[in-house]
Every structure is written in structure tokens, then in C-alpha cells.
Amino acid sequence: MDPEPPAKKKFKAGNLNSFIKSSRKTANDSSKDESESKIPKSLSPLKWKKVKADNLDLDFCSQFYLKEEADELIRRLETDIEYFTGDLAKVFVFGKWHNVPRKQATFGEPGLSYKFSGISAPSRPWPKVLLEIKEKVSKACSKDFNFVLVNRYNDGNDYMAEHRDNEKELDPHTPIASLSFGQARDFIFTHGSTKKKDKSPNSTKIPPVKFVLNHGSLLLMNHPTNIYWYHSLPRRKTAPGVRINLTFRKVIKSKCS
Ligand SMILES: O=C(O)CCC(=O)C(=O)O
């Protein structure tokens, strides 16, 4: 699948207001559609795109939130979310602890926890803004979510390395619902078989699947995507604005330890 063209506007690193003003005519600009339709945009049905390939199963809605709603939500997220510090702001990879190359926070129903990258992330009480977003996402995909991981990328130097969300405590039959606000960033799926050392002519050549996750978009990663495919948000020097991503999940209480 071809990605949408990356946003070309330059924003001051870490400056949210400049992102919001400068992006008025980019990611979710819908003035053309608006003038053609008699239905107010806020009431028109969501447009979904299905993407399937070799055990990859995704649903993408590029305008889950209208631009004005998404602008307001990212402002609220910037004031209301408190990110991890200390040991919870580190990851354990290749036998060493490293600082996470972004900021992270988790929230959810009491008594849950989610283990990833060597940490056990607690379910802190939901801030109101996240409950409101969760309700809209649950309604749109008819699924309940009880946990969210928030990732904040200050600019294009912050990133998320290749990984799968295949931890035992995640309910595989609830999609991982990934909402993006702020700077549009590339998001890449890579099939597990292409990571094998075997580079013989018979080895699998499943091409990567690339997205641009724009301001206000929602991506659903359905089962069995996370069994077979890795995903990453690479560094991008040409993407200087703030981005906040929320991944709503269903954690199975009896599998948290
Ligand atoms: O920020 C993103 O879009 C990546 C999030 C992600 O990969 C995850 O939460 O597992």
C-alpha cells in the first residue's frame, strides 16, 4: 500500500501552537469535501480503509477526529498527561537499560499492569480526556478497552523501535487501537519472516507496509497482525513537531502478574 505524502511544512521542534496553526491546510484539511456535502462534517459517517496482506489485518480512518477536535484534544493531552520518570522511563534491550527515546505513560482500570520492554507499567487512574477518547473509540469499533499506553514524541529525533505487541496479557481478539495527534509520522509494518538471517533466493520477500499516521487518525491493528508483523515509528529529521500517540488495549486481568 502506498503511503500518503509526508507533511512538508516545517514546525518549530516541540512547539505545539506552531504545529496547530501551520497544519491548518495539511493532514485533515477537508474544506473541499465540506463544501460539497450537505451533511455537517461532524455528523457524517467515518470513512474506513481495510488493509490486508499475509496475516496483516488493519482498519484505518484518517479523519477519526476533525482537525478542530484533534487540535483541542492534543492541547488537553499536553496539559493533563503526566509521563513516567525514573526506572519506568527506561527500556531493557540487548541486555542493557536505556532511556526511552520518547515519553511514556500508562492508564487503565484498577489492578491491571502491562509488562513490555522490561518494565511493568501500572494502570494509573484515567484522566478525563482519555476516558472521553476511549468512549468514542469503543463506540466506533464495538470493543471495550481497559488500558492505554501514551507515547509522546517531542520531535523527529524521538522514535519507537521495531517490535510486536504480542504480550500474553493482551486480549488478542480486541484490536490495538492507535490514535495519533500532532506531527504526521511514518509508521512501518515489517513481516517477521523478512527478519530471518536466511537471505537465500527462496527466503520470503514480503514487502513492508507503510502508513503516514496523521493528526486525528485511528489505526486498528486486528488479530493476527501482531503475531506475524513488527511495527516501528522511525526517526525522521524532516518531522520536527510534537506527536502524541495513544494505543488503547484490552488487558486480561488474570494474566497480569
Ligand atoms: O507512536 C506510535 O504510533 C507507535 C506506538 C506503538 O508502536 C505501540 O504503542 O506499540
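Strand E2 (residues 56–61) runs antiparallel to strand E13 (residues 217–221), with 4 bridges between them; strands count as paired if DSSP finds at least two bridges. Across this pairing, Leu 58 lies opposite Met 221 in E13. Strands (E, at least two residues) and helices (H or I, at least four) are DSSP runs numbered from the N terminus. Residue numbers start from 1 along each chain as its sequence is written. The model is predicted: local features need pLDDT of at least 70 and side-chain atom pairs count only at pLDDT 80 or more, while totals for chains, interfaces and linings use all residues.

The pair belongs to an open sheet of 7 strands with antiparallel pairing, in the order E1-E2-E13-E10-E15-E8-E5. Strand E1 (49–53) and strand E5 (103–108) are the edges; each has a single partner strand, so one side of each lacks a neighbour in the sheet. From one strand to the next the twist averages 20°, with angles taken from 0 to 180 degrees between N-to-C directions of axes fitted to C-alpha atoms, for helices over the stretch in contact.

Helix H3 (residues 67–80) packs on the sheet, touching strand E10 (176–182) and strand E15 (243–249), and its direction makes about 95° with that of E10. Contact requires C-beta atoms, placed from the backbone, within 7 Å. Helix H4 (residues 128–141) also packs on the sheet, touching E5, strand E8 (147–153), E10, E13 and E15, at about 130° to the direction of E10.

Technical notes. Contact = placed C-beta atoms within 7 Å.
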